Amino acid sequence: MSELLVLPVVIPLFAGALNALIGKFSDRLRYGISIGSSLLLIGIASIILRITFGGEVLSYRLGGWPPPTGICLAVDTMSALLLLVISFVSLLCVVYSISYLKGETGVHLYDSLFMFLVAGMNGVVVTGDVFNMYVFLEIVSICSYPLVAFRCGSTELRAGLKYAFLSMVGMSFFLLGVGFLYNSTGTLNMADAGRIIQAGTANSVVLSYALICIMAGLLVNSAVAPLHTWLPDAHPAAPSPMSAVLSGLVVKVSAYSMARIVCTVYGLTFSKVLGPLLVALGLLTMLTGAFLALVQTDIKRLLAYSTIGSMGFILAGIGSGTTMGIQGSTFHVINHALAKAMLFLVAGCLIHRLGTRDMRKMGGLMGEAPIEATAFLLGGLAVSGVPPLNGFWSKLLIYIGLYESGMYLPLAIAIGTSLLFLAIYLRAFKLIFLGRGTPRTAGIPKLMLAPVVALCVLTLLIGIFPGMPLDFTQKAAEQMLSRTLYTQTVLGVGP
Amino acid sequence: MTANYPFLFGIIFFALGVYGILVKKDLFKMIFGICLIGYSTNIFLVLLGFVEGGSVPIETAGHPIVVAVDPLVQALILTAIVIEFAIVMLMICMVIRLFQIEKSTDGNLVATSINE
């Protein structure tokens, strides 16, 4: 079954190439390729999740070369969950972009880059090799820059360039860190490096340098304060379905890499300051995101700052170092991906209706756009963690994680920030949907509303019946922390 | 001690790159800064794999290798160079498009907060 692991990377790569080559001639063919491959990816991800949830770690050796010499792909429950979320959200965004981008030029290139982006994200998630992770992260970046600058206006190009400058410096640091890691452990395989670091034979000073450099790179890419400055410009500049993917998935993939490096390679016991440092960065990030989101008038900028805030929660959960905290972070990655994708798609609908992103010029849309209003309210409440929506459960787990590790002040700050988020979204809801406004809009294509409704239903369903996702995420957190199974499977040593 | 001198080149390149990004007010010069940071990383990686008196790690008939430098880091930077090349090309294209719109390559176009 482990041959399946190649498919999440190969299928979207082929789909992207086909879109670029023949997608120009027929729109229907291109949609067929994109949607078909996304559906296929959902199926594969479900199968992989089913296998890994049964307590197995899948590992595939590329070219048959045994690790640590060869590159290997390795998937545990955490990776499988992310694969599923990536495929699902990207499918909805593909469907959404059919109507949203109608009439724009170069749509076949957009679809092509989109599929390459999915391939890159899947690659980061399935790989078991640090340098391979760097390559896939760069694939994600190099697809994201032109997609941010897709409309080729001054604002978009400037935002894309800003993203490119900061991310490029960050990735140079990541590469340097990979070099240090190789220098001290003599391997690039994550499981093998983890084994060597656990054994304590590697030079711990060089290892610390490696960790600092790798984290510096990933902190830029996951928009952790004070390295977040690119995100509020880059995410709003992209077309709305792309903003949904950037905010919902791309930053999450960087956060996943961080969790993988911290938990599987180094282990949270590597250094006493590692956990508290992550929590401190998380708090700084959530406060920055929340306070800046509070004063925004541009709807997409508000959502972008809210993404920064949520990354803070995810980081704090990882930093707490408990099973509950990491489970909470994993769950929050999923919940936030769904809710924030929904919010950005709603923002896209509103922009489609009104042609403006300024919330002060909206108002009174409740009667005209009831579906968008419901979705926006649900998404906002889910991101702020109000029961019975999905975000409540993940935030609760992060709070419990912080409580268990004795970090009471961070816990108080995190709860306070959640309340701030509630204020942010209620203010935005009031500005956009309540009050008196003049009816002035045309309808919305059904293909744009369908993904919003699907995400809406899912947000509610996970919130009301959290049992199954909780089981999945608990398994993911346990496997992430124990890491023996992962190491044994990848290196091929018996238990 | 002398074995550490080459690392100095990497550090100098890196410092020049940071200088280029932070001080220069032209987007092209900032991109050169990015390039220099990338090159410094590559130099650093190659030097990490250097072995005193090591030869090229290719074995030919009649010339067995006694001590060879680490070939893996060289493979790594080969990949990294290709990626950097692609990204720098993309950035230059974006700057050219920006120049066509704004008639300027001022670094402040990118460095400031971008509002509608």
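Modeller: Start with a definition: two residues are in contact if their C-beta atoms, placed from the backbone, lie within 7 Å. Keep in mind that this is a predicted model. The part I pick is helix 15 of chain A, residues 390–404. First, the chain around it.

Chain A holds 19 helices and 2 strands. Its radius of gyration is 21 Å, close to the 23 Å that the globule rule gives for 495 residues, so chain A is as compact as a globular protein of that length. Along the principal axes, its C-alpha atoms fill a box of roughly 70 × 55 × 40 Å. Of its 495 residues, 63% count as buried. Now the contacts with a separation of 6 or more: in chain A, 79% of them join residues 24 or more positions apart.

Now the helix itself. Helix 15 of chain A has 15 residues. From first C-alpha to last it reaches 22 Å, close to the 21 Å expected at 1.5 Å a residue. Its buried residues are A:N390, A:G391, A:W393, A:S394, A:K395, A:L397, A:I398, A:Y399, A:G401 and A:L402. What covers them? The cover includes helix 12 (299–320), helix 13 (323–354) and helix 14 (370–384) of chain A. It also includes helix 16 (408–433), helix 17 (446–464) and helix 18 (467–482) of chain A.

Look at both ends. The loop between helix 14 and helix 15 of chain A contains A:P388. The peptide bond from A:P387 to A:P388 is cis, with omega near 5°. After helix 15 of chain A comes A:G406, with a positive phi near 75°.

Two of the covering helices also pack on each other. Helix 12 and helix 13 of chain A meet at an angle of about 175°, with their axes 9 Å apart. Angles over 145 degrees count as roughly antiparallel, so helix 12 of chain A is roughly antiparallel to helix 13 of chain A. Helix 12 of chain A brings residues including A:L303, A:F313 and A:I314 to this contact. Helix 13 of chain A brings, among others, A:H332, A:V333 and A:F344. By class, the contact has 11 nonpolar, 9 polar and 2 charged residues.

A:R483 sits in the loop between helix 18 and helix 19 (484–491) of chain A. A:R483 is not a glycine, yet its phi is positive, about 50°. The cut-off for a buried residue is 20 or more other C-beta atoms within 10 Å. A:R483 has 20 such neighbours, so it counts as buried.

Last, the partner chain. Chain B has 4 helices and 0 strands. Its radius of gyration is 19 Å, well over the 13 Å that the globule rule gives for 116 residues, so chain B is more spread out than a compact globule. Buried residues make up 31% of chain B. The contact between the chains takes 29 residues from chain A and 28 residues from chain B. On the chain A side, helix 5 (130–148) and helix 6 (154–185) each supply at least two residues. Helix 6 of chain A gives the most, with 18 residues. By class, this side has 17 nonpolar, 6 polar and 6 charged residues.

Notes: Residues numbered from 1 in each chain as written. Chains lettered and ligands numbered in written order. Predicted model: local features only at pLDDT ≥ 70, side-chain atom pairs only at ≥ 80, totals over all residues. Nonpolar A, V, L, I, M, F, W, Y, C, P; charged D, E, K, R; others polar. Rg over C-alpha atoms; globule rule 2.2 N^0.38 Å. Buried ≥ 20, exposed ≤ 12 C-beta atoms within 10 Å, placed from the backbone. Expected span 1.5 Å × (residues − 1). Axes fitted to C-alpha atoms, helices over the stretch in contact; angles between N-to-C directions. Parallel < 35°, antiparallel > 145°, perpendicular 65-115°, else oblique.
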